[in-house]
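Here are some friendly notes to read alongside the model. Each numbered point takes up one topic.

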Amino acid sequence: METDFEKIKIGWFVFSCSEDNTITFTELLNDHWQEWKKIFDFRHVKVLKKNNIYDEFDIAFIEGAIASPEHEEKLKDIRSRSKKVVAVGACAVTGMPASQRNTFTPEQKEAIQFLVDRFGALPEVKKVADVVEVDASVPGCPMNEKMFVDAVNGLVAELRPELAGNKEA
Amino acid sequence: MHMINIDLEHITKIEGDASLSITVEDGKATKVQFKTEEYKRFFTEALKGKSILAVPSHLSRICGTCSNAHVLAAIEACEMALDIQPSEQTKMLRSLTMHGLTIRDHALHLYLFCLPDMYEKDAFLDFDENDEHQNQLLHDAFDIKAAGNYLATIIAGRSIHAMFPTIGGFIKFPSEEEVATAIEKLKSIREATLRLVTEFEKCDFHFDRHTDYMALLPLNSYGYIEGKIVTSKGEEYDEKLYRELVDHVVLPYSQASAYQYKGDAYMVGALARMNIARDRLHKNTQESCKSALDLFPSTNVFHNNLAQAIEVVHSVDEAIELLENNKIVKEEVIKKPMRAATGIGVVEAPRGALYHKINVAEDGTIKDGEVIVPTGQNQINIEEDCGRLVEELVAQGITDEEKITWELEKLIRAYDPCMSCAAHFLKVELDIK
């Protein structure tokens, strides 16, 4: 449906995790797809579309922990293009369980080191806030659905008050 | 020498992050690497030293989309280790958990990932609400997903990382009102599930691949938890013998592993199940999907999606029957003392056979474990098929990278890979010389 207003530009980026938050997001679409389709430009959401546009975002959702130097650089670049960055799910917010290797015993670390080295992973896996400033966090494994919807509504109200509560915009 | 290189980075509309790198020299695919781009999270290493009680929720975190299959495979392995025989009601509730997962997960894949290819759209949300048919598909998709989600939620607590199933039973049970609502929701989507079958029955995408098929199947029904491992050659194996069936193949370029059966590639998933056991589907599904079922057995990889659509109908029919004919009562969780043992759990996840194995110490801590996921088992077929597809396109004079990439992505999506599981993968690199 065409609109006569600029939609809120959404990016959804996935780092090291199980993608349970992506799946939770697709389940939230069951109830919210008509409302979100009107106000959101899903600009870079790989689970939804093929032709993703990587330019600038009003809200960038970050799922997963940061496991490699490439992850760090990509996350910093997303931050520089985004008005708001939201960490979603336990791996992004706390690092765990994707960062579980940080807690391994010396014997366990020795056992996996060749794989860490082969793929150039970071010595320790990081949470999102270890790398960039985060504007909002939605914890949970998977993310808490109500907290996610509340965070989305709050950001819509802050960024585009004329669209908040006016789903027919 | 004429060379084409294709690098497809971060393949879209699949579960997880994968890439594909292909080099074609003088019309022959000389390099095909389908690899996960996801960093290892070392779940099996992290098992070591954990209590057996923590295993199901721990291994569930391997994958968001298949999580409830991981929960049930892990529980089965733990119960085998502890010599626990689940009650008949527990078995029924686990079947319902899998039906909820199958409905939700197949619907996500078929509507949001595959249908846009069939309608030449970028995204499912681009479907035209002013077009009666496309609008119907939009509403069908989210109604079906919601019904599967509701079923999984009342039975298992959540459709992702289920909380109610545990070693020895369930910790919470649905109310009669919730069961009645689930039946009503499932009945209300049945016509939509038949429209989904029709969509994929009329789809003319085609790629033939002759291979062996393997699935865990009950003897007299079409289920996802019980039974023997059956091959398309007519062989049957007990679950405990799974390691004799799957040979590990190291892929030095990928964070995932591949597997062979007796030295050859094989396929798991809905097409495997449908080719082997379509005559065991729910009778109502067989009646309603006659013309679609006549297309099986099939060697068309795209019929994996048709098989998934039929399985959505089957899971709806089975779930309705189970919920209408069983009164769910509160049961105590079965507990047994810890012991040193090995446990094996096998579940047909939506994408195929999923194997969990744990070795437990006398005090109930985990010595080590192993997880073999469906996408790893389909890996070699996917690579071989991508190579052959590019060779066929080049032979037809097609060298446009965008066209080749789209055809490759369609084929890969037909397999419904799950890269979170596999690393635990799509980025395509195409090099045609």
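Which residue in β3(A) is the bridge partner of Trp12(A)? The first point gives the answer.

1. Phe61(A) is the bridge partner of Trp12(A) in β3(A). Strand β1 (residues 8-14) and strand β3 (residues 57-63) of chain A run parallel and are joined by 5 bridges. Strands count as paired if DSSP finds at least two bridges between them. Helices (H or I, at least four residues) and strands (E, at least two) are DSSP runs, numbered from the N terminus.

2. Before going on, please keep in mind that this is a predicted model, in which local features need pLDDT of at least 70 and side-chain atom pairs count only at pLDDT 80 or more, while totals for chains, interfaces and linings use all residues. Residues are numbered from 1 along each chain as its sequence is written, and chains are lettered from A and ligands numbered from 1 in the order in which they are written.

3. β1(A) also runs parallel to strand β2 (residues 40-45) of chain A, with 5 bridges joining them. Here Gly11(A) stands opposite His44(A). With helix α1 (residues 20-39) of chain A, β1(A) and β2(A) make a right-handed β-α-β unit; right-handed means that, with the strands pointing away from the viewer, the path from the first strand over the helix to the second runs clockwise.

4. β1(A) is largely enclosed by the rest of the structure, because 7 of its 7 residues are buried. A residue is buried if 20 or more other C-beta atoms, placed from the backbone, lie within 10 Å of its own, exposed if 12 or fewer, and partly exposed in between. One side of β1(A) carries Ile8(A), Ile10(A), Trp12(A) and Val14(A), the other Lys9(A), Gly11(A) and Phe13(A), and both are covered.

5. Now for chain A as a whole: chain A has 5 helices and 5 strands, in the order β-α-β-β-α-β-α-α-β-α along the sequence. Its C-alpha trace spans about 60 × 30 × 25 Å along the principal axes. Of the 169 residues of chain A, 46% count as buried.

6. Where do the two chains meet? The contact takes 38 residues from chain A and 35 residues from chain B; contact means C-beta atoms, placed from the backbone, within 7 Å. On the side of chain B that touches chain A, α1 (43-47), α4 (88-118) and α5 (132-156) each supply at least two residues. The largest share, 4 residues, comes from α5(B).

7. The largest nonpolar core has 157 residues, and Ile62(A), Cys78(B), Leu151(B), Ala215(B) and Ile310(B) touch the most other members. Such a core is a set of buried Ala, Val, Leu, Ile, Met, Phe, Trp, Tyr and Cys residues joined through C-beta atoms within 7 Å. α4(B) gives this core its largest share, 13 residues. Strand β2 (residues 18-25) and strand β3 (residues 28-36) of chain B pair in the antiparallel sense over 3 bridges, and Glu25(B) stands opposite Lys28(B). The two strands form a hairpin with 2 residues between them, and Asp26(B) in the turn has a positive phi of about 50°. Asn325(B), in helix α11 (residues 303-325) of chain B, counts as exposed because 8 C-beta neighbours lie inside 10 Å.

Methods
Contact = placed C-beta atoms within 7 Å.
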